[in-house]
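The structure is shown first.

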Amino acid sequence: MDYSYTVWIPLLPLILFVILGLTSGSIKPKLSGYIGTFGMGVTTFMSYFMAYQYFFNRPAGSGSFDKIIAYNTTWLNLTDKLHIDIGVLLDPISVMMLVVITTVSLMVHIYSIGYMNGEKGFSRFFAFLSLFSFSMLGLFLATNIFQMYICWELVGVSSYLLISFYYEKATAVLAGKKAFI
């Protein structure tokens with residue numbers, strides 16, 4: 001079974017973060033909300049499809065679920081024997097967490113279109129939501145502890161950005177700092 005497409009599950013929210021972040025002033029705020037929500041919907045569909053393949057399309061008679069490294073590449077090559085890889089690891093827990101994370105994230109995206117309607121920084125908020133989704137997905141798909149650490153720190157940064165979204169309010173900034181620390 002080929003699971004190489006699963007690398008797009010975390011990459012799509014990252015791409016959305018970059019696109020929404022760079023175009024936040026040039027497109028209508030509602031459109032950025034719809035783009036972010038549509039992208040999260042595609043990500044959710046891909047995670048459900050991948051979970052179905054993982055749990056129900058396996059060889060008959062196999063009693064356990066295998067760990068599958070769906071994607072792996074060298075990110076930093078420090079020496080001949082020391083390198084840092086990034087990739088996608090699939091096991092029963094990570095597959096179920098993919099379904100949970102993408103479903104909850106999609107619901108938050110849908111709810112936020114109405115909740116944040118008319119707010120200053122609407123596009124920025126959806127960019128931050130996409131970064132948070134990428135970080136959570138990367139955390140559970142990590143193939144090594146370094147990748148997990150990077151994604152854990154990105155979860156902290158995106159939590160800070162979302163909690164202190166109303167940066168004009170001192171209480172929001174303090175709450176964001178508290179969450180980050």
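Leu82 counts as partly exposed because its relative accessibility is 46%, where partly exposed lies between buried (under 20% relative accessible area) and exposed (over 50%), with a 1.4 Å probe and protein chains only. Leu82 is placed in the loop between S1 and S2. The model is predicted: local features need pLDDT of at least 70 and side-chain atom pairs count only at pLDDT 80 or more, while totals for chains, interfaces and linings use all residues. Residues are numbered from 1 along each chain as its sequence is written, and side-chain values use heavy atoms, with hydrogens and water left out.

| Residue | Relative accessibility | Class |
|---|---|---|
| Leu82 | 46% | partly exposed |
| Val18 | 40% | partly exposed |
| Ile27 | 23% | partly exposed |
| Glu168 | 52% | exposed |
| Lys120 | 60% | exposed |

Val18 belongs to helix H1, and its C-alpha atom is separated by 15 Å from that of Leu31, 13 residues apart along the chain. Ile27 is in the loop between H1 and helix H2 (29-56). Between Ile27 and Leu139 there are 31 Å in space, C-alpha to C-alpha, and the two are 112 residues apart in sequence.

Overall, the protein has 6 helices and 2 strands; helices (H or I, at least four residues) and strands (E, at least two) are DSSP runs numbered from the N terminus. Their pattern along the sequence is α-α-β-β-α-α-α-α. The C-alpha trace spans about 55 × 40 × 30 Å along its principal axes, and 40% of the 181 residues count as buried.

Leu82 also contributes to a nonpolar surface patch of about 930 Å², whose other members are Trp75, Leu76, Leu78, Ile86, Ile145, Phe146, Met148, Tyr149 and Ile150. Patches are made of residues with over 30% relative accessible area and no salt bridge; nonpolar side chains (Val, Leu, Ile, Met, Phe, Trp, Tyr) are joined within 5 Å, and like charges within 9 Å. The accessible areas come from the Shrake-Rupley method with a 1.4 Å probe, and for residues only the protein chains shown count as cover. S1 and H5 are the elements that give two or more residues to the nonpolar patch, and H5 gives the most, with 5 residues.

The largest pocket holds about 330 Å³ of space. Its lining comprises 16 residues, and Leu11, Ile86, Gly87, Phe134 and Gln147 are the closest to its centre. A pocket is an open set of points on a 1 Å grid over the protein atoms alone where a 1.4 Å probe fits, with protein on both sides within 12 Å along at least five of seven lines; lining residues have an atom within 4 Å of a point. Two or more lining residues come from each of helix H1 (8-22), strand S1 (68-77), strand S2 (83-90), helix H4 (122-141) and helix H5 (145-163). H5 gives the most to this lining, with 4 residues. By type, the lining divides into 13 nonpolar, 3 polar and no charged residues.

The count of salt bridges is 1, a salt bridge being a side-chain nitrogen of Lys or Arg within 4 Å of a carboxyl oxygen of Asp or Glu. Glu168 and Lys120 form this contact through their side chains, at 3.4 Å, N to O. The pair links distant parts of the chain, 48 residues apart: Glu168 is in the loop between H5 and helix H6 (170-180), and Lys120 in the loop between helix H3 (92-115) and H4.

Key. Points joined across faces, edges and corners; volume = space filled by probe spheres on them. Nonpolar A, V, L, I, M, F, W, Y, C, P; charged D, E, K, R; others polar.
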